[in-house]
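Q: Please take a close look at one part of this model: the side of one chain that meets its partner. Walk me through what builds that contact.

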Amino acid sequence: MSNAPANLKYTASHEWMLLNADGSVTVGITDHAQEALGDLVFVELPEVGAHFEAEKEIAVVESVKAAADVYAPLSGTVSEVNQAAVDAPESVNQDSYAAWLFKLTPDNAGDLDKMLDAAAYQAIAD
Amino acid sequence: MLKKTVLNAAHRAMNARMVDFGGWDMPVNYGSQIEEHNAVRNNCGMFDVSHMCPVDVVGPDCRAFLSRLVANDVAKLQISGKALYAAMLNDAGGVIDDLIIYFLTDTRFRIVVNAGTAEKDLAWMQGKVAEWKMDVTITQRRDGVNNLGIIAVQGPNARTKVWEVLPQTKAATEGLKAFFAAEVDQYFIASTGYTGEDGYEIMLPAGEAEALWNALHKAGVAPCGLGARDTLRLEAGMNLYGQDMDETVSPLDAGLAWTVAMKDDRDFVGKSALTAAGQQKQFLGLILLDKGVLRGHQQVITKQGNGEITSGSFSPTLQQSIALARLPLGVAIGDEVEVDIRGKLLKAKVVKPVFARNGKSVI
């Protein structure tokens, strides 16, 4: 069974979310996702300031095996991206919850409550 | 229901990540594909390729049969054990399969064909035996009684590891040059492979495969999945059937002209179509200069028109993305071209379609 920390929220498309004190949401891919993809070799992140609707492609992660889209878990504006994940895609394999991808400022703060909790996500992923 | 090789339980015991590979339940990796890739380039790794199908071709007409069946010329096979890489074509000159033919005696050859094409290959061969009224028996050796397992042991230390585990095979195999096979007791050991490294492909009675697999593992040979096999063959510039060529593609447009013996008056299936059509495309390598990963089916934009990537991935040896591509005639090695990756045009350089061999980049 892959690891899914209880303090995070999840999507069925294998993104995790963490609510920050300033109201922004940090997003990454789950341990299950990195394991299914295998060794990551390329990460492409959105522009800071760009706005995305929920469930639209926002980033790309590619392993030796395949390319996978990362979807915006909720509608919002990109406030920050993690350049370290672009420079070292393997860091996402090593710890996908430390190697976050981007932060979004949600259009509606309440959207996060609709997301899956760890138990619900585990039920889908495993 | 997925088909399983005789090593299926051994893969699961080694925590392999299993995938559906053309109807076969096969290991894609045992953890890290890149580590497995590097083990083969730098030391030694092993692959279960028991999903591939050995086919024995036996009878007085076997040489005449093979001479008409495939585009390469089995007349090149004069020393017992010698192997030949060849394409089997349809009447339109498209590739039914690519295969290796081993010459054993004048009445016995062995062919190894791809997993996903085995049934259609066998039907095609049986059809030609009947059509040409030849005295040849075709017997597949993958399924049922007398079936064989195949383990590929590849890498600079592969031979030493095999001799450590099967010392009785050393005398017969240490002098083997590339692309030869020797039979020792129940083992058929060939100096062939799909990685660009030295090594052996070992066929043996299926019931003994798991013991050999585990003995090699104990001797320090890294189990490697089909993921690493794909990046290794891509770096070595070796074609993958179904991706780089298929029944709609001429071998001349898939970089396989070196395997087509056209010059003399020998006739083979597909020859007249190849002669009429000639070469329409070039099969070349690409190295991505920008950041990203080249993949099959991406469009390549050149001054001479558009081409298409047939296989692409990230090269662990070169640490950048590489691809094999079918490009318009006139594109030259050294040209800079563009590849459309999700709507962005990224720069790539055209190179010879060989990227790494024997542990090193050849770019």
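**The side of chain B that touches chain A**

A: Across the interface of chain B and chain A, there are 4 salt bridges. One of the salt bridges joins B:Lys344 to A:Glu44, with the closest N and O atoms 3.2 Å apart. This is a predicted model. Polar contacts link 13 residue pairs between chain B and chain A, both partners at pLDDT 80 or more. On the chain B side, two elements each supply at least two residues: helix 2 (33-42) and strand 16 (305-315). Helix 2 of chain B gives the most, with 3 residues. By class, the residues on this side are 6 charged, 5 polar and 4 nonpolar.

Now the extent of the contact. Chain B brings 15 residues and chain A brings 14. The two chains bury about 1,300 Å² between them. Carbon and sulfur atoms give 47% of that area. Three arginines stand out on chain B: B:Arg17, B:Arg295 and B:Arg342. Together they supply 40% of the area that chain B buries against chain A, more than any other three residues.

The domain layout gives some context. Chain B is divided into domain 1 (8-51 + 144-235), domain 2 (53-140) and domain 3 (280-361). Within chain B, domain 1 and domain 2 also bury about 1,300 Å² between them, with 66% of it on carbon and sulfur atoms. In domain 1, B:Phe179, B:Phe180 and B:Phe188 lose the most area to domain 2, together 41% of what that side buries. B:Glu183 and B:Arg108 form a salt bridge, their closest N and O atoms 2.7 Å apart.

Methods:
Residues numbered from 1 in each chain as written. Chains lettered and ligands numbered in written order. Predicted model: local features only at pLDDT ≥ 70, side-chain atom pairs only at ≥ 80, totals over all residues. Heavy atoms only, no water. Contact = heavy atoms within 4.5 Å. Buried area = accessible area lost by both parts, 1.4 Å probe. Salt bridge = Lys/Arg side-chain N within 4 Å of Asp/Glu carboxyl O. Polar contact = N/O pair within 3.5 Å; in protein donor to acceptor, adjacent residues only side chain to side chain. Helix = DSSP H or I, 4+ residues; strand = E, 2+ residues; numbered from the N terminus. Nonpolar A, V, L, I, M, F, W, Y, C, P; charged D, E, K, R; others polar. Domains from an automatic or database assignment.
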